[in-house]
Amino acid sequence: MFRGVHNINMDAKGRMAMPTRLREPLHAQCEGKIVVTIDNRSSCLVMFPLPEWEVLAAEIQALPSIKPAVRRFQRLILGYATDLELDGNGRILLPPSLREHARLEKKV
């Protein structure tokens, strides 16, 4: 679903408009409910429609957490995971912790 390069701006409050061509599929697939979390290997964010996130989160939780690296991965990915919903204007509000991790300012 999230393919291609999009030039997106974020306003001073941290709101980011979802590209127009993605809005209808997001509403159809997940009623505009998405999950955003960090990429643990870079200063990027990753975004999932809620149903896809629920499957992935279950797989992450099922990993053998006896290894410190796996526990750290689980804590970071699941800990930063944030439920968001498109507003009436097709925007999401990224929380400060996610914006800081990805070093986002105006250009997203």
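**View 1. Thr 37 and its contacts.** Looking beyond residues up to four places away in sequence, Thr 37 touches Cys 44, Leu 45, Val 46, Phe 48, Trp 53, Leu 76, Ile 77, Tyr 80, Ala 81 and Leu 98 (contact means heavy atoms within 4.5 Å). This is a predicted model, where local features need pLDDT of at least 70, side-chain atom pairs count only at pLDDT 80 or more, and totals for chains, interfaces and linings use all residues. Residues are numbered from 1 along each chain as its sequence is written, and side-chain values use heavy atoms, with hydrogens and water left out. Thr 37 sits in strand E2 (residues 33-38); strands are DSSP runs of at least two E residues, numbered from the N terminus. With 1% relative accessibility, Thr 37 counts as buried (under 20% relative accessible area, 1.4 Å probe, protein chains only).

**View 2. The polar side of Thr 37.** Its side chain gets to 2.6 Å from the backbone oxygen of Ile 77. A polar atom of the Thr 37 side chain also lies 3.4 Å from the backbone nitrogen of Ala 81.

**View 3. One aromatic pair.** Search the whole structure and one aromatic pair turns up. The ring centres of Phe 48 and Trp 53 are 5.6 Å apart with planes at 40°, so the pair is tilted (centres within 6.5 Å, using the six-membered ring of Trp; planes under 30 degrees apart are stacked, over 60 edge-to-face, the rest tilted). Trp 53 is buried, at 8% relative accessible area.

**View 4. Around Ile 92.** Setting aside neighbours within four places in sequence, Ile 92 is in contact with residues including Met 18, Ile 34, Val 36 and Leu 86.

How values were computed
Helix = DSSP H or I, 4+ residues; strand = E, 2+ residues; numbered from the N terminus. Buried < 20%, exposed > 50% of the residue type's maximum accessible area, 1.4 Å probe, protein only. Polar contact = N/O pair within 3.5 Å; in protein donor to acceptor, adjacent residues only side chain to side chain.
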